[in-house]
There are 4 protein chains.
Amino acid sequence: MKVGVIGASGYSGETLVKLLLNHSQVTLGAVTSRQHAGKPLAQVIPALRGLDRGMHFVGSDAAALAATDIALFFLALPHGAAADYARAFIAAGKKVIDLSADFRIADLATYTRYYGEHHAPELLAQARFVLPELAPAGWKEFPLIAAPGCYPTSVLVPLAPLLRDGVVSREHIVANSYSAVSGAGRKVEEMYLFVERAESTKAYGLTKHRHLAEIEEQLALHSGAKTVIQFNPHLAPMRRGIATTITVPAATGAGIETLYATWRKAYADRPFIQLLPSGETPDTAYVAGTNRVDMSAVLDPRTGNFVITSAIDNLVKGASGQAVQIMNLWFGFPETAGLV
Amino acid sequence: MKVGVIGASGYSGETLVKLLLNHSQVTLGAVTSRQHAGKPLAQVIPALRGLDRGMHFVGSDAAALAATDIALFFLALPHGAAADYARAFIAAGKKVIDLSADFRIADLATYTRYYGEHHAPELLAQARFVLPELAPAGWKEFPLIAAPGCYPTSVLVPLAPLLRDGVVSREHIVANSYSAVSGAGRKVEEMYLFVERAESTKAYGLTKHRHLAEIEEQLALHSGAKTVIQFNPHLAPMRRGIATTITVPAATGAGIETLYATWRKAYADRPFIQLLPSGETPDTAYVAGTNRVDMSAVLDPRTGNFVITSAIDNLVKGASGQAVQIMNLWFGFPETAGLV
Amino acid sequence: MKVGVIGASGYSGETLVKLLLNHSQVTLGAVTSRQHAGKPLAQVIPALRGLDRGMHFVGSDAAALAATDIALFFLALPHGAAADYARAFIAAGKKVIDLSADFRIADLATYTRYYGEHHAPELLAQARFVLPELAPAGWKEFPLIAAPGCYPTSVLVPLAPLLRDGVVSREHIVANSYSAVSGAGRKVEEMYLFVERAESTKAYGLTKHRHLAEIEEQLALHSGAKTVIQFNPHLAPMRRGIATTITVPAATGAGIETLYATWRKAYADRPFIQLLPSGETPDTAYVAGTNRVDMSAVLDPRTGNFVITSAIDNLVKGASGQAVQIMNLWFGFPETAGLV
Amino acid sequence: MKVGVIGASGYSGETLVKLLLNHSQVTLGAVTSRQHAGKPLAQVIPALRGLDRGMHFVGSDAAALAATDIALFFLALPHGAAADYARAFIAAGKKVIDLSADFRIADLATYTRYYGEHHAPELLAQARFVLPELAPAGWKEFPLIAAPGCYPTSVLVPLAPLLRDGVVSREHIVANSYSAVSGAGRKVEEMYLFVERAESTKAYGLTKHRHLAEIEEQLALHSGAKTVIQFNPHLAPMRRGIATTITVPAATGAGIETLYATWRKAYADRPFIQLLPSGETPDTAYVAGTNRVDMSAVLDPRTGNFVITSAIDNLVKGASGQAVQIMNLWFGFPETAGLV
């Protein structure tokens, strides 16, 4: 099967191209770049030297691409830019996995509040948000799949089943996340310079980070009621990884065994979910380069809270790896194909 | 005035020696080290090359040191090791600033629960915990001052006045702290190796970190009632710094202006407290090498919580700089002498 | 085919196990560890969570291992420790790839001078040093293959063909190498702590680094005459990678095109050698996780020197990846199997 | 005495302002910035919070500044931009210390070859390059002092006296330098992003780095003859520091003691020069924040080369600290005033 990648100049796009080049079940039919059309992939992405099979970036003409024999397109574009491609590809009967935020939020008003005007609201009905371990049945029938954001993945995987099964309170949820600098993408701004970020840990985007929209919409789906959380994102001096720590009151009568039993039930046989024993905490370094979510929890008898910790690679499980995982499930490939 | 440093082989001890060598009001009379007695300071602490004024480490005989003309001793020892020195020095009429945990906890039962047997319980009555910006009047009359821990400093400075003035709830307080690796001291263990820690952010010590004892005893003092918090410490890949983020429900009617007014009243004219505007967040990189606490807060109207952020240098305001600040106030030197 | 790994607690051993678990042509029959026998692989090597196929470390009894159906053993042990295993395995007709220094030096006197007494000198005649891109024909007939060291790989690949073809002088060769901290292995010593190494670049082992023995013996083989170089190793604050810069006088009449023509001839069709255009320099970040050698050169008309630069991942092409590459060639697998 | 700083938005400028604010002998009369005029210093340079004494950036009108009672101006501008200021200030009888390259090269043709057209060639006769430990007598009579570059400082301090006294060859000199990323200044370019530079060591600017002009002109002055060196600059993933390693053939009969004797003679009583014992190597981490040059050497009997290593803080001894040191000597302040 042939696949294409639209927009590969960011960190997620690069990672995606590398995963797809090494994937045994698919062939990379096209990688587009407005800026780099005509150049060999490895000239722009030196990590691909020797791996790019002579491929060159091609231009970004949506109609031309829609006329090829490529069956699945990954959109790795900034939010707002995916609309035209999505429209053309879906009209041509292609399948689309979008890594941007554009189709993650089902509620248009919420989207607009966080991101501004939507460029393709008519496509929302054909789109589904798919975090593979949490997605409701039936998603494979939709042509346009929105891959989750990095922070939401690190929060939803541990928290959603606990809310769904009533193991935790829906009140007083606090999530602190510490993200690698690559989470900001390849933004050439002073704050992302090496000298500014090395030795710097700081909070940012407090009370209004865009991923909040996605987190809360999903939590409401799983808990069955509006769920408001305090989400505090931070930057940490790493290249890759998100470490998330969630404090949430235990439901009456729920102990640490209840929590682990819920997780085991929700994630039995899911190859990318690793439950660490209570008391052992996940580490971003150990998930680097993998599609895993490592997670664990403790119950604090003094406060009655669970403290839940998770770690992911923001560019893999938080972006490109998860997109490949979605493809694998969608097209009947082994779930772990091309992923470790 | 002559001062002495007992135990200077750790990161805090090194930093303290450097601060004291550059301090215009004191002379360093002795720096002790069991292991390094007889060696030039700079041979063991290369950062002091050219600065050590020909000083050598001396042995650690408490009685001999108590018989010198040194007026003030800093104890930079692991907890449990300070007792003999403190006893000898105080008996000889010296003043002592202890950087360990041994005299930070007034309640012996609490100390024992977190640290095990106390080695000098009879000295507790002569000791006072002094975080300079929060210390109650009268502390200068006590001969034995316990300098605060690093995490507690980053939590207590922003939080204590808010509890005292009823601006925030005493329930549902969650503090997440991200500490540089130097916070563990110079422990030669696998988990502190460069390759293990670079690219690693992780939680540790959840629900039972020893600094919790100190934080909650102080919060109770300031709030006037038992106060239990969720304290989640983490390691981040930095050499220096702590970034703390506190989520706490606002008291009824308290807005962001109430909070800032409380801070301004509590810390008017305190040279090391920097209030950043709401919406701007402190950064560990900007406080590196300084004795400052940078802090700010936002009110989240969706949750009713304040989200409060602070940043300190764990080895300066979190340890040695704060000890020097205590000395400055105790002996009538300018509060900022030898500190920036 | 079944393979075994003897000693997997170091960084190279870990990397090797991960590569072999993902290798389509071999099955990992045994991974030994004195210290960890009986534990699941992933408990000791958290990066393998979800990847270890339920494998446990086994004990280190050479005779018992020699009696299994494992056809090839990788020895990932400190130098000096490989002798007993090598002896038992070879006696039993197994093949062995040794990642230590023990069989890299053909000349016993040289070995002894740099490393001390050799523990299995009688095996030297059955051993061959194999840097795949430079190895002389016939090496596949020997049962014991010594995989090259990390620094030597980064020096020999660019330099050996130039000496062989007389493109450069044999005099006044200066090689400066900058290695990631993982090059020291997982040594739990103060100098390898995060706080000591972050922000630290320094030379070490000047004039007497052990890899010098290996570099010079190989250079003599390729140049046909004794060749003495100045090799200056350094530590740089990275987890992975070696950047090597070699200054060497150009032979009379040799220009930059001569040099690149020699490289192209020597390395035509070698999948892991990447020649960058003159003026573009290799970067450790781009080879991380790969088995590549990226290299380039410039001619300085002012000095008459070539300045040659190379970059490798010290744990992959500098150790475990190269060992897998040797296996691939030895057993007729595709050269790039299991490697990127 | 009042001093002014022209251009303080770069890393060197920031460091300079901080040093001058803490300097006991001078008052900071003006800090200019086209972009930030009117803003408090600490708003633009957060590291100065609490230290900026209420100062604001002022505009950059050279004539207006020349009319003030400021006696000495530091120019911390990109090369090419200093001309107008230098002209106005010198015409008004002020003294000037220029941190850019504009007046470091006495030979106009050399300057032009490396930097392009000179904007104030008529001032060259009034300018002197001053590396304090190497400057010839009489420099204090010139109104315009060029402070050395960072790489040149790390090369010239160890090498110049050895060439002057004939302890080393003038041929086959190779200097490899590894610089922190701050050496590039605060350039907002993709290659300086955190994600690009962390884990990256690489050579750049081979055979044509601009600092070569300055190094070779000075080496010729000290050696008494044209001296050509191979200078290989590299970027290392650090915030601060340069580690330089120089390989140079020993002169006939010169041993390691000859070398150290030459250094001791050249640098007796110079407070910022630290000679480490042969075999101990300098470390960038130990000079961070200081104005020191740590250096040492070994003789390699196999090659007949000295291998010389030095470490400096590129922003202090390599820029702003050295400028303050020049001021101290020029105006008769203690050489170490305001510096550690």
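Predicted model: local features only at pLDDT ≥ 70, side-chain atom pairs only at ≥ 80, totals over all residues.
**Salt bridges, chain interfaces and a covered helix**

Counted over all chains, the whole structure contains 72 salt bridges.

Take chain A to begin with. Here A:Glu14 and A:Arg186 join their side chains in a salt bridge, with N to O at 2.5 Å. The two partners come from distant parts of the chain, 172 residues apart: A:Glu14 belongs to helix H1 (residues 11-21) of chain A, while A:Arg186 sits in the loop between strand E7 (173-179) and helix H7 (194-197) of chain A. A:Glu14 has a relative accessibility of 15% and so counts as buried, whereas A:Arg186, at 21%, counts as partly exposed.

Put together, A:Glu14, A:Arg186, D:Glu190 and D:Glu196 form a linked network of salt bridges.

C:Arg186 and C:Glu14 form a salt bridge whose closest N and O atoms lie 2.5 Å apart. This pair, too, ties together distant parts of its chain, 172 residues apart, with C:Arg186 in the loop between E7 and H7 of chain C and C:Glu14 in helix H1 (residues 11-21) of chain C. C:Glu14 counts as buried at 16% relative accessibility, and C:Arg186 as partly exposed at 22%.

C:Arg186 has a partner in chain B as well: B:Glu196 forms a salt bridge with C:Arg186, the closest N and O atoms being 3.4 Å apart. This pair joins two chains, because B:Glu196 lies in helix H7 (residues 194-197) of chain B and C:Arg186 in the loop between strand E7 (173-179) and helix H7 (194-197) of chain C. B:Glu196 is buried, its relative accessible area being 10%.

Next, the interface of chain B and chain A. Contacts involve 43 residues of chain B and 43 residues of chain A. About 3500 Å² is buried between these two chains, with carbon and sulfur atoms giving 52% of that area. On the chain B side, B:Glu199, B:Thr201 and B:Arg302 lose the most area to chain A, and together they make up 19% of what that side buries. The interface of chain B and chain A has 4 salt bridges and 27 residue pairs in polar contact. B:Arg302 turns up among the charged pairs too, its side chain meeting that of A:Glu216 in a salt bridge (2.3 Å, N to O). Strand E9 (residues 229-235) of chain B contributes the most to the side that touches chain A, with 4 residues. Sorted by class, that side of chain B holds 18 nonpolar, 15 polar and 10 charged residues.

The interface of chain D and chain A comes next. Here 19 residues of chain D are in contact with 19 residues of chain A. The buried area between the two is about 1700 Å², and carbon and sulfur atoms account for 71% of it. In chain D, the residues that lose the most area to chain A are D:Phe194, D:Val195 and D:Arg239, together 42% of what that side buries. Polar links are present as well, with 4 salt bridges and 12 residue pairs in polar contact across this interface. Helix H7 (residues 194-197) of chain D gives the most to the side facing chain A, with 4 residues. By class, this side of chain D has 10 nonpolar, 1 polar and 8 charged residues.

Finally, back to chain C and its helix H8 (residues 211-223). The helix has 13 residues and spans 18 Å from its first C-alpha to its last, close to the 18 Å expected at 1.5 Å a residue. H8(C) is mostly covered, with 11 of its 13 residues buried. Among the buried residues are C:His211, C:Leu212, C:Ile215, C:Glu216 and C:Leu219. The buried residues of H8(C) pack against helix H5 (108-115), strand E5 (127-129), helix H6 (150-164) and strand E9 (229-235) of chain C. Just after the helix, C:Gly224 adopts a positive phi of about 80°.

Conventions: Residues numbered from 1 in each chain as written. Chains lettered and ligands numbered in written order. Heavy atoms only, no water. Contact = heavy atoms within 4.5 Å. Buried area = accessible area lost by both parts, 1.4 Å probe. Polar contact = N/O pair within 3.5 Å; in protein donor to acceptor, adjacent residues only side chain to side chain. Nonpolar A, V, L, I, M, F, W, Y, C, P; charged D, E, K, R; others polar. Expected span 1.5 Å × (residues − 1). Buried < 20%, exposed > 50% of the residue type's maximum accessible area, 1.4 Å probe, protein only.
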